[in-house]
Amino acid sequence: MKYRHYTNQNKHFRISLETKKMIKHKQMKTYLATIIALFAIVFTSCEDVIDVDVQTAPARLTIEASLDWEKRTTGNNQTIKLSTSTPFFDTNSNTGVTGASVKVTNDTNGTEFIFVDQNNGEYTTSDFVPILNQSYTLEVVYNGENYTATETLMPVADIKEVNQSTEKGFDDEALEVNIFFDDPEDEDNFYLFRFKEEGDLLAEFEDFDDEFSNGREIPWHYEKEGDEDTNSGEFTSGDVVNIDLYGISEGYYNYIRILIEQSEGLGLFSATPVALKGNCINIDNEENYANGYFRLTQVERVQYTFE
């Protein structure tokens, strides 16, 4: 009898487990049904068309006037691009401006360099004479209005060494490229770095001023991060990176620093994006200012292949 009693108890125990499993199974089915219903509501809601009023602004003249004198070249060939701004969702890419008048003047001797309309938004010259620390003035006449900007051609130091390492970036296993140059003493200097791996669509820019390193050797490293959106990865052996070091004015440094910050997106401590005005002024209608910047720089260019 004890044996049967034990067996009956054991059987009763198994029945209890099965019952609990059935209850739990029913609860799970109910839970899954609720989740599926919620997903259905969410995805059904996502199909609704929402009309959003996007702010628009009048089309503005955009001036891309970057006159860069590469070291060990004459710097005679220069190009200035003119276009008009478009709404954010506008798919029209043909915004080049033709029929404008473009010239750059040496402010000391009055020499004028006429940029010829190529009928595609580009204006070119093969006669420009770059002089370091010389002030130049840009003049653009478009739609009966005059735009002007003044800038000084800034020198840049030589890059004296380029190498690679893995310990200076955020990831101590990722390759980075290092450049070294000497900052001039007893003067304020501002720099712009451009890094672009061969095969990548976009370059990356970084800015620097010598406030805390005046007159010293400047070591600068660049570590590339992987980006699934652009299908680019970290540096590996055999990769080739092109490096440009620009000497820039303080005014352009202040402009490009904000532009770089805004282009990198909003972070916790990032400034709120604002309309960024360059140095191109409309002397006939101040409110109808132009986008872009007139800059003159000397640039040192090197190429490095990772081992």
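The model is a predicted one.

Start with the salt bridges. How many does the structure hold? It holds twelve salt bridges.

D68 sits in strand β1, residues 61-70, while R295 sits in strand β15, residues 291-305, so the pair ties together parts that are 227 residues apart in sequence. Are these two residues buried or exposed? D68 has a relative accessible area of 18%, so D68 is buried. R295 has a relative accessible area of 8%, so R295 is buried too. The cut-off matters here, because buried means under 20% relative accessible area.

The next pair is E139 and K103. Their salt bridge has its closest N and O atoms 3.9 Å apart. E139 belongs to strand β6, residues 135-142, and K103 belongs to strand β3, so this pair ties together parts that are 36 residues apart in sequence. E139 is partly exposed, at 33% relative accessibility. K103 is also partly exposed, at 22%.

Now turn to R194 and D244. Here the closest N and O atoms of the salt bridge are 3.7 Å apart. R194 lies in strand β10 and D244 in strand β13, so the pair ties together parts that are 50 residues apart in sequence. Look at the cover on each partner. R194 is partly exposed, with a relative accessible area of 22%. D244 is buried, at 5% relative accessibility.

Next, look at K224. Where is it found? K224 is in the loop between β12, residues 217-223, and β13, residues 240-248. K224 has a relative accessible area of 4%, so K224 counts as buried. Its side chain has polar partners. A polar contact of 2.3 Å joins the side chains of K224 and E197. Another polar contact, of 2.5 Å, links the side chain of K224 to the side chain of D200.

A174 is a loop residue as well. It lies in the loop between β8, residues 159-165, and β9. At 1% relative accessibility, A174 is buried. Now compare sequence with space. A174 and F235 are 61 residues apart in sequence, yet their C-alpha atoms are 7.1 Å apart.

Is G99 buried or exposed? G99 counts as exposed, at 65% relative accessibility. Between G99 and V141 there are 42 residues of separation in sequence, and 9.1 Å from C-alpha to C-alpha.

Move on to the backbone at N143. Its phi angle is near 55 degrees, which is a positive value in a residue other than glycine. N143 lies in the loop between β6 and β7, where β7 covers residues 145-152. It is exposed, with a relative accessible area of 64%.

D186 has such a backbone angle too. Phi of D186 is near 55 degrees, again a positive value in a residue other than glycine. D186 is placed in the loop between β9 and β10. At 76% relative accessibility, D186 counts as exposed.

Stay in that loop for the last stop. E187 also has its place between β9, residues 176-182, and β10, residues 190-197. E187 is partly exposed, with a relative accessible area of 37%. Which residues gather with D186 and E187 in a patch of negative charge? The patch is on the surface, and it is made by E185, D186, E187, D188, E211 and E250.

Notes: Residues numbered from 1 in each chain as written. Predicted model: local features only at pLDDT ≥ 70, side-chain atom pairs only at ≥ 80, totals over all residues. Heavy atoms only, no water. Patch = residues over 30% accessible without salt bridge, like charges linked within 9 Å, V, L, I, M, F, W, Y side chains within 5 Å. Areas by Shrake-Rupley, 256 points an atom, 1.4 Å probe, with all protein chains shown as cover. Salt bridge = Lys/Arg side-chain N within 4 Å of Asp/Glu carboxyl O. Lys, Arg positive; Asp, Glu negative; His and termini not counted. Charge placed at Lys NZ, Arg CZ, Asp CG, Glu CD. Helix = DSSP H or I, 4+ residues; strand = E, 2+ residues; numbered from the N terminus. Buried < 20%, exposed > 50% of the residue type's maximum accessible area, 1.4 Å probe, protein only. Polar contact = N/O pair within 3.5 Å; in protein donor to acceptor, adjacent residues only side chain to side chain.
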